[in-house]
Structure formats: structure tokens, C-alpha cells
Amino acid sequence: MKNIVPELRAERGWTQAELAKKLHVSRQTVNAIETGRYDASLPLAFAIAELFQKRIEEIFCR
Amino acid sequence: MELESRQMLVGWLRYFGLTLALYLAALALSIWAIDARIAGAERTLLILAPILPGMALIWLTIRSYRRCDEFIRLRILQSASVAAVVTAVAALIYFFLELLGLPRLSAAWTSNLLWMVFVVQMVKLLATGK
């Protein structure tokens, strides 16, 4: 699943580690989501959407 | 590895290392007690000594697993599955090689192989995404 997490993170000037801390996950998880190696669970996708103040479908797409 | 992960790893290693040392000490005592000239409740207690630190090791492992996030949990499960399959197939292959004349190995090698495959995958996971 494609996503625009790297772009949203870059807009805010956060590192992967900073984003991971805000989402209460490991940096490896953020990296795996950004590179498309892992699709976030629904609760994590909601947390990401809430953090970036966007709808889930605006961040994640097929 | 970032600071937070490193601190978590060091913290885990400290607890796990201490409990493992306790377990090994109790195990040594237990093995010694089997042949030692002691009897009664003392002997029973000494022989059963590794049970408590052993349980503590299991509890620490489960607690560490539960503290991991969803992606790390998935990777741990995948690594454990791969390690189990690799070990099972390697053990089966070596069984046939033993029939062909290769030396008999201790069963401890299967445990060593299992941990080696698992640890290699975990190290690979920690090393990815720099």
C-alpha cells in the first residue's frame, strides 16, 4: 500500500525517530511503513491520520 | 540504533542477563546437588532451585514481547517461524547424513542452530532502515 507519510513527515521537519516517538512505535516500524514494507494496522493508521490531521484515505492509497 | 532503542535494549539486557546468571547459578547448584552427599528437604530444594529463575526468564521474555509494537511483534513471529523450519529441515537432513556415516551430534546443536537463525534475523531487523 502506498502512502504519503514521508512527505507529511518532511513537511513538518520531523525525523523518523521523532515520528516514531509521537506514534509510540519503533523507528523500524515507521521506516517499514514509509518504504511500503509494512502496512500499518487500522489503529496505527488512525493514529497517523490523527497526528497529521488528515483522513486515512488521504494518507494511504492502493 | 537511536538512543531510545539503545536504552531499551540495554535495560532489557541488564534484566535478562541478571536473571540468566541467576538461572545458570541455580542450575549449577542443582547439578551439584544430584551427586552431593546431602539428603532430605535441602537436596530437594537445591535440585528444584532453577525452576524459579527459569519462570522469571519466561516472564521477562513474554513481558518484552508484549512491550514491542505491532511490526516488531510480526517480525519476531516470522523470525521464530523461519528459525523453527530451518532447524527442523536441517535436523532431518543431518539425520540422513548420519545414516551415511557422518558423526553423531548432540541434540544441543539443534537449539544452537535455532537461536543462531533467530538472532541473525533479529540483528538484520535492527540493522534495516538506517
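**Figure 1. Gln53(A) sits in the loop between helix H4 (42-52) and helix H5 (56-59) of chain A.** The model is predicted: local features need pLDDT of at least 70 and side-chain atom pairs pLDDT 80 or more, while totals for chains, interfaces and linings use all residues. Residues count from 1 along each chain as its sequence is written, and chains are lettered from A and ligands numbered from 1 in the order written. Helices (H or I, at least four residues) and strands (E, at least two) are DSSP runs, numbered from the N terminus. Gln53(A) is not a glycine, yet its phi is positive, about 55°. Gln53(A) counts as exposed because 8 other C-beta atoms lie within 10 Å.

**Figure 2. His24(A) lies in the loop between H2 and H3 of chain A.** The phi of His24(A) is positive, about 60°. His24(A) is not a glycine. With 10 other C-beta atoms within 10 Å, His24(A) is exposed.

**Figure 3. Helix H3 of chain A is largely enclosed by the rest of the structure, because seven of its eight residues are buried.** The buried residues of H3(A) are Arg27(A), Gln28(A), Thr29(A), Val30(A), Asn31(A), Ala32(A) and Ile33(A). Gly36(A) follows H3(A) and has a positive phi, near 80°.

**Figure 4. Val30(A) belongs to helix H3 of chain A.** Val30(A) counts as buried because it has 29 C-beta neighbours inside 10 Å. Which residues does Val30(A) touch, not counting residues up to four places away in sequence? They are Gln16(A), Leu19(A), Ala20(A) and Val25(A). (Contact puts two C-beta atoms, placed from the backbone, within 7 Å.) Pro43(A) is 13 residues from Val30(A) in sequence. In space, Val30(A) and Pro43(A) are 14 Å apart, C-alpha to C-alpha.

**Figure 5. The largest nonpolar core has 10 residues.** Such a core joins buried Ala, Val, Leu, Ile, Met, Phe, Trp, Tyr and Cys residues through C-beta atoms within 7 Å. Chain A supplies Val5(A), Leu19(A), Ala20(A), Val25(A), Val30(A), Ala32(A), Ile33(A), Ala40(A) and Ile48(A). Phe71(B) is also a member. Helix H2 (16-23) and helix H3 (27-34) of chain A are the elements that give two or more residues. H3(A) has the largest share, three residues. In soluble globular proteins, nonpolar side chains tend to be buried together. Beyond four places in sequence, Ile48(A) touches Val5(A), Leu23(A), Ala40(A) and Ile59(A).

**Figure 6. Chain A has five helices and two strands.** From the N terminus on, the order is β-α-α-α-α-α-β. The C-alpha trace spans about 25 × 20 × 20 Å along its principal axes.

**Figure 7. Chain B has five helices and zero strands.** The C-alpha trace of chain B spans about 55 × 50 × 20 Å along its principal axes. Its radius of gyration is 19 Å, but a compact globule of 130 residues would have one near 14 Å. Of those 130 residues, 5% count as buried.

**Figure 8. Helix H4 (residues 70-99) and helix H5 (residues 108-127) of chain B cross at roughly 145°, with axes that come within 9 Å.** (Axes are lines fitted to C-alpha atoms, for helices over the stretch in contact; angles run from 0 to 180 degrees between N-to-C directions.) The crossing is right-handed. (The near helix is turned from the far one by less than a right angle, clockwise for right-handed and anticlockwise for left-handed.) The residues of H4(B) in this contact include Val82(B), Val86(B) and Thr87(B). H5(B) meets them with residues including Leu114(B), Val117(B) and Phe118(B). By class, the contact has 13 nonpolar, four polar and one charged residues. (Ala, Val, Leu, Ile, Met, Phe, Trp, Tyr, Cys and Pro are nonpolar; Asp, Glu, Lys and Arg are charged; the others, Gly among them, are polar.)

**Figure 9. Nine residues from chain B and 11 residues from chain A make the contact.** On the chain B side, H4(B) gives the most, three residues. That side divides into three nonpolar, three polar and three charged residues.

Note on methods. Buried ≥ 20, exposed ≤ 12 C-beta atoms within 10 Å, placed from the backbone. Rg over C-alpha atoms; globule rule 2.2 N^0.38 Å.
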